[in-house]
Amino acid sequence: MYTVKQLSDLAGISVRTLHYYDEVGLLKPSDVGENGYRYYGDSALIRLQQILFYKEMDLSLNEIKRIVASPDFDVMQALQDHKRALGERMERINRLINTVDDTILQLKGKKNMSKKSLFAGFTEEEEKKYSAEAEQLYDPVIVKASQKKWKSYTKEDKQRIADEGDAAYEAIAAAIPLGAASPQAQAGVELWRKHMDYFWTPSLEQLIGLTELYNSDPRFKTNFDKIDARLAEFMREAVGIYVKRKT
């Protein structure tokens with residue numbers, strides 16, 4: 001058994017963080033002594049490891065709690081998923097490092113890069129975005145099916161899909177002055193909804209969930225703000241109207 005201080009030193013996180021995890025029900029101690037001291041056993045260590053893995057993937061504490069507290073949570077499967085996700089991240093980082101190296105050589109006049117090569121390594125970002133959205137909102141089965149579907153596409157397909165996605169968001173942004181209920185805004189929402197079919201086909205309720213995520217998660221909100229600072233909120237309103245008209 002480990003005390004809070006011992007676990008803090010072992011895992012490299014603060015005692016205060018462990019106390020907070022206990023308070024919110026994310027990581028309860030295995031035992032509490034008569035003196036009020038918290039003690040953590042091996043099962044608690046494994047759970048803390050899972051929490052830190054999910055934090056590494058930028059999930060919120062509420063989402064992590066929902067996942068690890070699920071009756072269906074399988075530690076072995078989670079570890080295999082972590083390994084795959086980290087491997088994919090490593091591949092992408094390596095591609096970005098290669099792009100940096102090539103760009104340095106280009107600027108030194110030692111290499112002639114094509115304009116497209118300047119952005120090598122960034123094209124997987126769209127995949128990461130949709131995977132993160134799905135993992136935070138939906139069943140793992142949906143996520144795996146979506147990832148499998150994405151990986152079945154050719155490089156040219158992925159670029160075309162990314163371009164179509166950009167076009168859908170830009171069409172919605174262009175309709176902001178016309179109002180969320182305007183035919184132009186609703187046509188843009190329909191383009192966006194159809195674009196989701198490349199990954200999975202969300203229900204009407206899930207469409208609402210996505211727009212909530214666009215507004216509540218700073219990672220996604222930042223991306224939308226690059227198009228228009230009003231876009232995320234406008235999409236929530238426009239999709240809400242779209243869903244009401246479909247029900």
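This is a predicted model: local features need pLDDT of at least 70, side-chain atom pairs count only at pLDDT 80 or more; totals for chains, interfaces and linings use all residues.
Helices (H or I, at least four residues) and strands (E, at least two) are DSSP runs numbered from the N terminus.

I noted the model's terms: local features need pLDDT of at least 70, side-chain atom pairs count only at pLDDT 80 or more, and totals for chains, interfaces and linings use all residues. Residues are numbered from 1 along each chain as its sequence is written, and side-chain values use heavy atoms, with hydrogens and water left out.

I then listed the contacts (heavy atoms within 4.5 Å). R47, Q50, I51, Y54 and K55 of α3 meet L61, I64, I67 and V68 of α4. By class, this contact has six nonpolar, one polar and two charged residues; Tyr, Ile, Leu and Val count as nonpolar, Lys and Arg as charged.

I turned to the sheet, which is open, has three strands in the order β1-β3-β2 and pairs antiparallel. β1 (2–3) and β2 (31–32) stand at the edges with a single partner strand each, so one side of each lacks a neighbour in the sheet. Pairing requires at least two DSSP bridges between two strands; β1 and β3 (residues 38–40) have two. I found Y39 in β3 as the bridge partner of T3.

Last, I checked E212, which lies in α10 (residues 204–216). E212 and A232 are 20 residues apart in sequence and 8.6 Å apart in space, C-alpha to C-alpha.
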